[in-house]
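Open the model in your viewer and keep the selection tool at hand. The stops below go strand by strand.

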Amino acid sequence: MKKRLLGGKLEVSELGLGCMGMSDFYAGRDEEEAIRTIHRALELGVTFFDTADMYGVGRNEELVGRALTGRRNEAVIATKFGNVRSEDGKFLGVNGRPEYVRSACEASLRRLGVDHIDLYYQHRVDPNTPIEETVGAMAELVREGKVRYLGLSEAAPATIRRAHAVHPITALQTEYSLWSRDVEDEILPACRELGIGFVPYSPLGRGFLTGQIRTFEDLAEDDYRRFSPRFQGENFQKNLDLVARIEDIAKEKSCKPSQLALAWLLAQGEDIAPIPGTKRRALLEENAAAAEIRLSREDLARIDEAAPKGAAHGTRYPEASMKSVNL
C-alpha cells in the first residue's frame with residue numbers, strides 16, 4: 001500500500017479504514033471479526049484508522065484501542081469530537097465549546113488507551129461557537145502533545161479558512177464519492193488552495209456503489225440507511241440505474257464496482273485518502289486491491305459521463321441532518 005501526505009505533513013496509507021460500522025449504525029456486528037479486520041489491514045499496509053467518540057457512544061474507540069494494543073507505532077489514529085450523544089445513544093446536539101473540546105479529547109485518549117491522537121477532527125461545526133474558539137482549544141491540545149494534527153469534518157470553505165488562520169488544518173473529512181461530488185465545486189478547491197488534505201468518507205456511497213444492495217429489504221431493520229433519502233422510494237431505483245452504469249465499466253476493467261469507485265477517487269489527486277468502512281476481512285481485502293487499479297484518461301472520462309455531478313437522486317442525509325453539514 002502506497003503512502004500519501006495529508007496537509008504536506010501527515011503520512012497515511014492511500015486507503016484507510018473507516019471503523020464506524022464495527023460498532024454502530026449497520027447491522028451484523030462482530031467485535032472479534034472487527035479486530036481481526038483491523039489486524040489484517042495492518043498486514044496489507046493500511047495504517048490509517050478512522051473512528052469517533054460518537055460511534056457506539058465510545059465503544060468504537062475502545063474497540064480500535066484494543067485492536068491496536070502493542071501495535072500503536074504502526075497506526076495513524078484519527079478520531080472526532082463534537083456530535084454529542086447520551087449513554088442510550090440519543091443525539092443531544094453539536095458542541096464545539098473550548099471546555100468541551102478538552103474533556104472530549106481526554107475521554108477519547110482513555111478509551112483508545114493511547115497518549116496522543118494523530119489526527120483530531122471536529123466532527124461537525126458548532127453554529128453557536130465561533131470556529132476560532134474551537135480550533136484555539138484544539139491547538140492547545142497540539143501544544144500539549146495530546147494531539148499531533150487537526151482536522152475538520154463537513155465544514156464550508158469560509159469556515160475552513162477561518163479555522164486555518166488560527167492553526168494549520170491538516171485534513172478535511174467530508175463525504176465524496178461517485179454519487180456525492182458536490183465538494184468538487186468549492187470545498188475541494190479551497191482545501192487545495194490552503195494545502196489541506198482531503199479524506200473522503202462514505203467513498204462507496206454507504207455501500208450502494210458496491211452493487212450488493214438490490215432492494216430496500218436488503219437493509220436490516222436496525223440499519224440507519226433505511227432513513228436515508230437515497231435508499232427510499234423512487235430514488236432507490238434511480239440510484240440502482242447509476243450503479244448499473246458503473247458496473248458495466250467495472251466489468252470491462254475486470255474489477256468490482258466498489259473497486260472502480262475507489263480507484264476513481266484515488267485518481268482525483270495525491271492529496272486524497274479515502275476511508276472505506278468495513279467490518280469484515282474479505283471486504284477489506286477487496287477494497288485494498290482497488291489501490292492496484294490504474295485508470296486511463298479514457299476510463300476517467302467514461303466514469304465521469306456515467307456518474308456526473310448531481311447524478312444521485314435524493315439528499316445525502318434526512319432533512320434535519322443536512323442542516324449540520326457544510327457549515
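**Stop by stop through the sheet**

Start with Gln173: its bridge partner in β11 is Val199. This is a predicted model.

Now select all of β11, residues 197-201. β11 pairs with β10 in the parallel sense, over five bridges.

Next, select β10, residues 169-175. Is this strand enclosed or open? Seven of its seven residues are buried, meaning under 20% relative accessible area, so β10 is largely enclosed by the rest of the structure.

Move to β9, residues 147-153. Four bridges pair β9 with β10, again in the parallel sense. Pick Gly151 and look across to β10: the bridge partner there is Ala171. Then show helix α5, residues 157-166. β9, α5 and β10 form a right-handed β-α-β unit.

Further along, select β5 (residues 76-81) and β8 (residues 117-122). These two run parallel and are joined by four bridges. Phe81 stands opposite Gln122 in β8.

Zoom out to the whole sheet. It is open, has seven strands and pairs in parallel, in the order β3-β4-β5-β8-β9-β10-β11. What stands at the edges? β3 (17-18) and β11 do; each has a single partner strand, so one side of each is left without a neighbour in the sheet.

Last, select residues 14-306. UniProt, in an unreviewed entry, lists this span as "domain: NADP-dependent oxidoreductase". The span is 40% helix and 15% strand, and its end C-alpha atoms lie 25 Å apart.

Terms used:
Residues numbered from 1 in each chain as written. Predicted model: local features only at pLDDT ≥ 70, side-chain atom pairs only at ≥ 80, totals over all residues. Heavy atoms only, no water. Buried < 20%, exposed > 50% of the residue type's maximum accessible area, 1.4 Å probe, protein only. Pairing = 2+ DSSP bridges. Right-handed = clockwise from strand over helix to strand, strands pointing away. UniProt positions renumbered as here; feature names shortened; annotations may be inferred.
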